[in-house]
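Please look over the structure below with this briefing beside it. The notes are grouped by topic.

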Amino acid sequence: MAPKAAEDAGPFLAWVEAAPREELIAGLVALDEGRRRRLAKPVAQAWRASHPESWIHRDWRLDAAVAAVCAWSDARRLRTSTAYREPKEAEGVLLEVLAGRRPDWLERWVEQELAATQWTSAWPLVRALVRRGACPAPSTDDYIIQMVRCRAGSWARDASLADGLRADPGLLAEEIWRTFEVDPTNGNLFQYDEGEWHPGAGSKSWGPALVQLASEGAIDRFRLLEASAEALRRGIQIKGTGFHIRLHERLEPTLDEGERLAPAYLDLLAHRVDAVAKFALRQLAPLIEAQRVDGRSLVERIPAVLQRETKGPAVAGLAALRAVVGRNPELAAAAAEAATFGLGHAEPEVQGAALSLIEAAAPAESAAVASSITTRLDQVAASQRGRAQALATKLAGSSGAAAPADAAAVAPRAPRAVPDAKAPPPDLPDLQQLLARARALPDETRRLAGIDDLLAAFGRGEEPPPWAPPASELPRCEAGAEVAPIGSLDELIDVLLALLESCEDSIEVERALDGLCRLGGERPPDFDARIAALAQRVRQPASGFGEMSAISGLLASAILGWLDGPQPAGRLAYTLGRKPGPEHFFAARLDEVETRARAGPRCGLLAMPTHRGGWIDARRFVPRVREHLAAGSPLGELDLVQALLRLAPDGRAEALAAARELRGTIGQLVRFALGASGVEPAARQGWWAAVTSVGKGPADRPLSWPAWIAAARARRPFDAVPEMEATPVGAEAFAARPPVYRWQVRWREKKWGSPDPSVVIELDPPLGPREPSRPLALLCREQQQWSFGSTADVRFAQLVWPIDPSPTLVAGCGALCDRLFRPSSAYTPTAVYLEPLFSPATPFGELAQLLAGLALVAQDADARTTALDVVAQLVRDGRCRGDELGRVYGSIQRQQGLLKPGRVAEAIEQLRPHGSLHELACLRLLVELLATIEEPPRDLFHLLQAYHELLTASGSACDARVLPLLQRTGGSGKTARLAKLVAEAKCDETLHATRRDEAYAALLEERVGWARRIGEVASP
Amino acid sequence: MAAAAQLAHTYRYPFASHLEEGWGLRLATSGTVEDRTANPYFFEGTVARPDELGDLLLLVSEVVRSRFYLPGAMRDLDPVVTCSEQALRFEGFSSCCGVYARADFSGEGLGSGLKGRGTTNVDFNAAMRGTLGRLRHGGEARLAVGADEVRLTTAGGAVVEKKVKLPVRWLKGFTEVQSYLPRLTPRLEVPGIEAQRFLRALPRGGSPKRAAWVVPFQRGLRLTQRPANDGVRVLGTDRLRLLEPLAGRARRLRVWGDEETGVSAWELTFETGRLWLTVSPDIARGFSGEGQVLADLAGSSWEGALAQVRALLRWQASLDAPAVAERTGLALAEVQAALAVLGSRGLVGYDPDLGSYFHRELPFDLERVEQLHPRLLAARELVAAGKVRWRSATPGGEAMVQGTSVEHRVRLADEGDRCTCRWFSRYQGERGPCKHILAARIALEGEDGAEGG
């Protein structure tokens, strides 16, 4: 019994803490209302002091006391216990107290508990209260949702779900049926039951439990069928349709039951989920067979099925139509017209099946069917179009109703004479004009744009070779792309504030550094007021800077350095413990900037780009160096290294002439970088381009080897520099010659988790020391640290050596491998690595081919979308012919499971509409890939289908290199049939020649346009 | 962070909306803000294309029940219906505040069943939604929005009452989206079947995280991540998939865009109606907090005109600003500003196709929601507390405005105002002016007014 001296809550609380379970329950329930009111406040206080929110420190006794005495204002904070820590004796105490007291707030509390998201469910307690009559069954959806999720309480007991339901027959009468009406916000009520339908594991699963109970007669079987069909028809639980489908099918409706449910099945044909439409067709199939469904209603509803995105329901829908026609010949004409909707489906297989049905079912003449076919002709695949057209013409008969409104759009191409391979290109007005424009270009421009090679190939009747742009010669400093330095302290502050939020524009980062060098010493009278907001912002925690970017954090340290003094320790936080990378180079440059800023007169950065893309016009670089030397400004070696790496090919000769006046070792270095002969690289001992070298007589002091390496790469970015061979660094990558990259892709076993694909890239020669003075080595990521991180970090890396993105492409390949089977990530972006490939001046080398190839088939939507744009451009300007990508895929596909043929086919489907040139490129890609496949993969069909469509559209014959694979494709299924069709594809000479001419004209036009741009840049 | 403020709201329907076999669709209307007991009776008539009616209403319902970003989902929300002469409009707003849907049915398709005018909520329960698909087949059907007194008293059936909590953010977004619509221009147009192809080709399993542009391609559209002058910028392409089930049956798709804000609207045209899907610039950005209307609200050009323009509202389907200006004698700019303010208060909507506003009053008690424009309120407080300090003797040009712990430098200029606060640094004015710029502008206007007076 509870102590009677309730005025003093102390004894009461002490009793609560010590009483045995049964006595506690009895005592709490027996309290009268007056005592409850007096005890409410002290109990609530004690309870609050006991940390009731913590599931570790819960005091079940105080919980019970609150339930016994408190009003809603305190009781609303009561939570059902967490089973993790609850001792055995606590079981059921809260239930007994609540059921015994029946407080007026109980219904509200029950609803609240059911709505709360908890580790465990309140449902068992609530249900027990309902069964005890303490409160009515809640009408809220949460009650049902919780019942489903906690398996009607059976999850906590040894009993199976079916046993649990039998033991609570009220659930079978009411609650079970509400599960087919509730629609949770996540759209899936039975999400944990989707996969659990195996008898062994089914003891707690809803599906098998319901089926079992129905078979016992414990619940109405037909009502269950009806409820599951109705749930589907209402469109509720839209992500959990699989459960209802499986439940319905496991109940195995009889023909009589199916007939009664036929209206629901017919409605489900238009369901937004394809699986539901297929389910409906499966249920209708025996009814059609037995003529127990209205055929006309079915025919009216089938078009909705034929317009679905996926193939399965459409194929099943056509099969249903065939069955209807077989049983109801009077519906043949209507079925034929309905089947024409299948011609709008994206899959040629569906279109072919639709045509077969129309051929079989349509009357001899039918203007309606003919017209319906004609309106869809432009959507029909190339492989089916001729057949569709012929059928439309036949059905139109004498009425001519099939004549399409735009005959030119669907008529076969006008035949042209087959050109003689050795003769000049055919007499096509547009091509002739293009040729004239091309020949009229200046010689040098034509050479740079690769037009001479193109014209030569045309003349020989050969396929044009892939274009390898002479990247080290193409001008880059376009008018209109100049970068203006920051002009004022206010502008500097604005730029720094914006960069603290986002560093994605690397040019702005460089402008900011340059601004700090030139303007950082200004101290107007109101300086503190002007920088107050910046100072406050930059002192906030590092994680508050824009995105998670090493560059943004380092930049913040530079700003602090400007405001408060040098911050090497602050920068250390961004580089310590990280494997060497471009951020180490940036950090070292910032050290240099700070040292220079303290040392004396302020010139800007040598490395400040003059043009977007990170380029420095050599004609402006030389005066910049001269200005530094004249001003006696401390010269940072890392600044010099970065500047050299950014030198554009434009105006080298002019710049070299101007550089003759530069004196000392600096002058020699600059002239060497610009291409002067007779300069011998000579550096001081030691590897480190130390910051301490700054400020010690800039003109004559010896420079380090990293500076000479940078000069060598500026001199000849892609070729050997013999002058460096004999130096101590001659064997290092990037010194005497640029490295050759060799790659392979393989599955990588991991200690935890499933294997994932990995790119292994080897460099020859191998990298030298990866130090901040050697930024090119730092750009080459080691394995296990592929990604540079955020978009800002990647763009910064790309700006270090803009003329050759190969080192960053290496990182991109690794990052993409990570996302082959994963969706886009905002934190590890991949599309940004592809950006340099948009420029026609960027060579499409092996690494670029690997990167583009991986991106085209990645699950990462950003990478895939950007890759489509990139490859479209690569093909358009001739850098990519398609076979390169085919070879990449051929290598990858040898690692089983790494390449999904469906994704390749999907990429081709999106690329080929760009034009004839892209169509040709897709053909070459497929030929290269198919030729390397030894064992036909499971879904070879997708590739063969894409190949077949391309052959038909281009009038090409099957390539001989593909025939062995086709011959190895055995069996009698659709893949084998398609393989045979492909193997027998014949060349339509006329169409082939026309498409080829169109392709080459497009290529020439693009190249001429590019040549014009080069000419404008070279001679502004 | 404190929990978002919410407005308690109750839907009270005399019966549950349902599809009556052999008759058609009966939609129940809820009480209005002014009179919670009355249930408006707006329309009863025939519908020429019940399949289109069902499709469009289903989509509006789906938007209302959708959430494309993290903010918690709200259940049991109902769309809003507005009936004016010759137009029936159903509006819905997603719980992530980033998608606004509106289905417009024109007078021709509705016959002559107009019974009343006004705006209220309409019951969209699960059972009714499930039966909308049945409208797809068969000939004409009837539609009733509300019911007459006789039917209300004789029909029987239980009153449906739903209590919901509407976040202020959601209410703000629902009203603020109207300030974007006048800025939209039509950019792309394709037949419905091409629209369906484009939507089906959108990336699955996660939309791109970077902005993309929709550009014309062959006869249709395609997605590119290269900025395109002839394209429309879009981020969060998952949201566009809502249109895919309907696009194949539409006559055409028009894509409207506003380059400056990045908002786009997707208009599907059907025989008897049209569907608008307006999406915010980013999946993580709702339409609330965008601040596009703040500059208007901060100014005073609308204050004198507001009452006059409001007095002219009579549930018109189209409010022609020049005609209103002529009738009232107000300047066109004043009328336009007043209409923009009325839109931000949920009292008018905007139809880009007509190029005009329409009268509709959202059935929520927005007078109680003082937090609708916290930035503007904060700006006014700054001015009232004397925390705007001009840097020169003459007001204008440059001011120091007190921030949380530092004074921010505000520079006012015709080519664009600037501030040193974090909001401005991050968004560079793309999401409306910060409170400091607003405060400076308010203060300047006050100074100008004092001088002028």
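Four of the five residues of strand β21 (residues 398-402) of chain B are buried, so this strand is largely enclosed by the rest of the structure; buried here means under 20% relative accessible area, exposed over 50%, and partly exposed in between, with a 1.4 Å probe and protein chains only. Helices (H or I, at least four residues) and strands (E, at least two) are DSSP runs, numbered from the N terminus.

This is a predicted model, in which local features need pLDDT of at least 70 and side-chain atom pairs count only at pLDDT 80 or more, whereas totals for chains, interfaces and linings use all residues. Residues are numbered from 1 along each chain as its sequence is written, chains are lettered from A and ligands numbered from 1 in the order in which they are written, and side-chain values use heavy atoms, with hydrogens and water left out.

**Strand β21 and its partners in chain B**

- Strand β20 (residues 388-390) of chain B pairs with β21(B) in the antiparallel sense over three bridges, where two strands pair if DSSP finds at least two bridges between them.
- Within β21(B), B:V401 is the bridge partner of B:V388.
- β21(B) and β22(B) run antiparallel and are joined by five bridges, and a hairpin of four residues connects β21(B) to β22(B).
- In β22(B), B:R411 is the bridge partner of B:E398.

**The interface of chain B and chain A**

- On chain B, 46 residues are in contact with 52 residues of chain A, contact meaning heavy atoms within 4.5 Å.
- The two chains, B and A, bury about 4300 Å² between them, 43% of it on carbon and sulfur atoms; buried area is the accessible area (1.4 Å probe) that two parts lose on being put together, summed over both.
- The rule finds 13 salt bridges across the interface of chain B and chain A, each a side-chain nitrogen of Lys or Arg within 4 Å of a carboxyl oxygen of Asp or Glu.
- A salt bridge links the side chains of A:D378 and B:R219 (3.9 Å, N to O).
- At least two residues each of the side of chain B that touches chain A come from α3 (126-132), α6 (192-200), β13 (220-224), β22 (407-411) and α13 (422-427) of chain B.

**A:W15 in chain A**

- A:W15 lies in helix α1 (residues 9-18) of chain A and is buried, with a relative accessible area of 10%.
- Although 46 residues apart in sequence, A:W15 and A:R61 are 9.9 Å apart in space, C-alpha to C-alpha.
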